[in-house]
Amino acid sequence: MTDSSSDSAATGELLLSLRGICKNFGAVSALTDIDLDVHAGEVVALVGDNGAGKSTLVKILSGVHRPTSGTIQVRGQEVSLPNPSASLAIGIATVFQDLALCENLDVVANIFLGKELNPLQLDEVGMEIRSWKLLNELSARIPSVREAVASLSGGQRQTVAIARSLLLDPRIILLDEPTAALGVAQTAEVLNLIERVRDRGLGVVMISHNMEDVRAVADRIVVLRLGKNNGVFYPDASNAELVGAITGASDNSVSRRAGRKAEANLTGDAQP
Amino acid sequence: MSNNVDKQQQLLDRADVRVKHEAGIGGAISAFLDRVRSGDLGALPVVVGLVVIWTVFTTLNPIFLSSTNLVNLLFDSSTVGVIALGVVLMLMVGEIDLSIGSVSGFASALLGVLWVNHGWPVPLAILGALAVGGLIGYIYAQLYNRFGMPSFVATLAGLLAVLGLQLYILGGTGSINLPYGSPLVNFGQLLTMPQPIAYGLAALPGIAMLVTGYRTSARRREAGLSSKSLGGVLFFAVVVTLGLELAVAYLNTSRGVPWMFALFVLLVVGMNYALTRTQWGRSMTAVGGNREAARRAGINVKAIYTSAFVFCAMFAALGGMLAAARLASASQQAGTGDVNLNAIAAAVIGGTSLFGGRGSAYSALLGIIVIQSIANGLTLLDLSSSLRYMITGGVLAVAVIVDSLARRSRVMHGRA
């Protein structure tokens, strides 16, 4: 009950905690008994093979899908996320893998979609200035914010989607494959940005297939495999360990032991 | 923000060297040509079409361009034009309402029954019919949102059901005459603006362009953004004002500008503001462009659909009542025949895309003038309605082909 004092910057506070999340699509169990904790000032990387359930988990957190069972707690309070606006209102911003941009609108309109300044007489100049500032923060290479998004390249669209997620000063940012379509410089900028956001005391959940990126910024690496938790690693884990956990190729006592050790460390951290 | 940054500091939105930035009037024109080439046609096809149609009809019968005939044209355009305005809303969100004709006929019948038969005061009868129209739209919205019924089917069912209602409330007589000389009928048939008022109103758009253009430019300069040259703003304002004043002067040589047309234009301008300058309008465009993206951005998509259905049916009801005032009667024929298709055709011909997410309130105005010009010109030539239907159908087909081709070209040029 201390959330009235704006202490989101206090590193280590438990922002988000999932317990026993299950999601079934018909007969398919996309997620089974997923547990996940995200602390303030922490980057959690979600890795796993295709079909491991990473995107499904993100969609549950962003209010696109509802979990079949399980609880979601945000800052100690149990919440339900029936729709995307509930998720946004609670401070969870998402950059979706398919970006979810409106191609017929320009960049400014997309960044401010759903939260336009001055709803009855749109403040176009104010929105344009804010958009440029957000984009410049990301060192974005957007030729013009008054062009329809349809005319932008994949990487530019990605930057727009990330800029949009930052607009509302969220507590938790979910990034689904944020660097997949980006060039070298933009990838570095996004990784810098993730670190800046973390240092501001936000919790970041990042999905990525790129182990280098994951290792570069993640404080904790959560592996999903076939819709189940398959171990928690730290950036110093070897590639073989990670790949083993992701693919299940070395699902043996060694990897299980590493996973258990990691869990034990984590729970030790969580209650200082 | 430090003062030491050199004065030649680049404008915030002009930092990228790859983008061409056109300046001044010449720049505006070449940017326009560029847009057209890539399939962003805007109002161009309809303006070209209008010039062709007017040229053809004037050469066939010089009366067509006479002031008296044009005033008539404006009277006739206003009724279906208001209905087309509602269609623009539906097309914006990528849906359609096929029952607008029936709703307009039902509203006119309701007006007749409430006013003439039951002796309600006119304003109350109008409000009642508008409310019933809104209710019909609300029912469509519920069918769409709750049961996922395609708007095409829901409104097709509504077309029949509402027509049935219209015939039912008109009962055995089949038609109700609205009293001649009543303010509503005068409004629909006779009332035109006094000349000074017409000239004054025609000057407003130019003044508004100047004021908003100047204010926006000032704000953008202050904020370090590029701004339009004031010369360009002034140039366009003068062109628009001159054009409008000349048109008004020509209409004033006979009866002048109909008040009913002024009401229509007022609705168009208001709708344009709502669509382009409010959050609601932005949400409408977003829902039409990418429904799922709009939902994920936190927009209440169902509410947006509901607003589109309700406003469309209310505009249809209003248009139907204006048509009743124009004809001084509410009959079983009201709203049947080509009303439905004319309204939809007007919106499409005016440049609102059938595919959603693209359109403008002005397309209702431009489109209905094209449609009415054809109807009016063919009537002047004493051609039967069989030919009129065929030609209007042909023009609609051409408009849809232009829309589809332009859309394909936009996709190829990355303008979607």
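Colleague: How many helices and strands does the secondary structure of chain A come to?
Modeller: This is a predicted model, and what I describe is computed from its atoms. Of the 272 residues of chain A, 48% count as buried, and among its contacts between residues at least 6 apart in sequence, 67% join residues at least 24 apart. The secondary structure of this chain comes to nine helices and 10 strands.

Colleague: In the open sheet of four strands in chain A, which strands stand at the edges?
Modeller: The open sheet has antiparallel pairing, and its order in chain A is β2-β1-β4-β5. A strand at either end of that order has a single partner strand, so one side of it is left without a neighbour in the sheet. The edge strands of chain A are therefore β2 (28-39) and β5 (77-79).

Colleague: By how many degrees are neighbouring strands of this sheet turned against each other on average?
Modeller: The sheet in question is the open one with the order β2-β1-β4-β5 in chain A. With direction ignored, its neighbouring strands are turned against each other by an average of 25 degrees.

Colleague: What is the phi of Gly26(A), in the turn of the hairpin that β1(A) and β2(A) form?
Modeller: Strands β1(A) and β2(A) pair in the antiparallel sense over eight bridges, and in one of the pairings Lys23(A) has Leu31(A) of β2(A) as its bridge partner. The hairpin leaves two residues between the strands, and Gly26(A) in the turn has a positive phi of about 60 degrees.

Colleague: At what angle does helix α1 of chain A run to β2(A)?
Modeller: Helix α1, residues 54-61 of chain A, lies across β1 (14-25) and β2 of that chain. Its angle to β2(A) is about 65 degrees.

Colleague: Which residue of β5(A) is the bridge partner of Gln73(A)?
Modeller: Strand β4 of chain A, residues 69-74, pairs with β5(A) in the antiparallel sense over three bridges. In β5(A), the residue that partners Gln73(A) is Glu78(A).

Colleague: Is Arg75(A) exposed, partly exposed or buried?
Modeller: Arg75(A) lies in the loop between β4 and β5 of chain A, and its phi is near 50 degrees, a positive value in a residue other than glycine. Most residues other than glycine have a negative phi. Because Arg75(A) has 19 other C-beta atoms within 10 Å, whereas a buried residue needs 20 or more, Arg75(A) counts as partly exposed.

Colleague: And where does Asp169(A) lie, and is this residue buried or exposed?
Modeller: Asp169(A) also has a positive phi, near 50 degrees, and is found in the loop between α5 (154-166) and β7 of chain A. Because 10 other C-beta atoms lie within 10 Å of Asp169(A), and 12 or fewer is the cut-off for this class, Asp169(A) is exposed.

Colleague: How are α4(B) and α6(B) oriented to each other?
Modeller: The axes of α4 (residues 100-117) and α6 (residues 151-170) of chain B come within 8 Å and cross at roughly 20 degrees. An angle under 35 degrees falls in the class asked for, and the crossing is left-handed. The orientation of α4(B) to α6(B) is therefore roughly parallel.

Colleague: By class, which residues make up the contact of α4(B) with α6(B)?
Modeller: Residues of α4(B) including Phe106(B), Ala109(B) and Leu110(B) meet residues of α6(B) including Leu159(B), Val162(B) and Gln166(B). By class, the contact has 11 nonpolar, four polar and no charged residues.

Colleague: How many charged residues are on the side of chain B that touches chain A?
Modeller: In this contact, 31 residues of chain B meet 29 residues of chain A. Helices α8 (195-222), α11 (279-289) and α12 (291-296) of chain B each supply at least two residues of that side. The side has 10 nonpolar and nine polar residues, and the number of charged residues is 12.

Terms used. Residues numbered from 1 in each chain as written. Chains lettered and ligands numbered in written order. Predicted model: local features only at pLDDT ≥ 70, side-chain atom pairs only at ≥ 80, totals over all residues. Pairing = 2+ DSSP bridges. Axes fitted to C-alpha atoms, helices over the stretch in contact; angles between N-to-C directions. Contact = placed C-beta atoms within 7 Å. Parallel < 35°, antiparallel > 145°, perpendicular 65-115°, else oblique. Left-handed = near helix turned anticlockwise from the far one by under 90°. Nonpolar A, V, L, I, M, F, W, Y, C, P; charged D, E, K, R; others polar.
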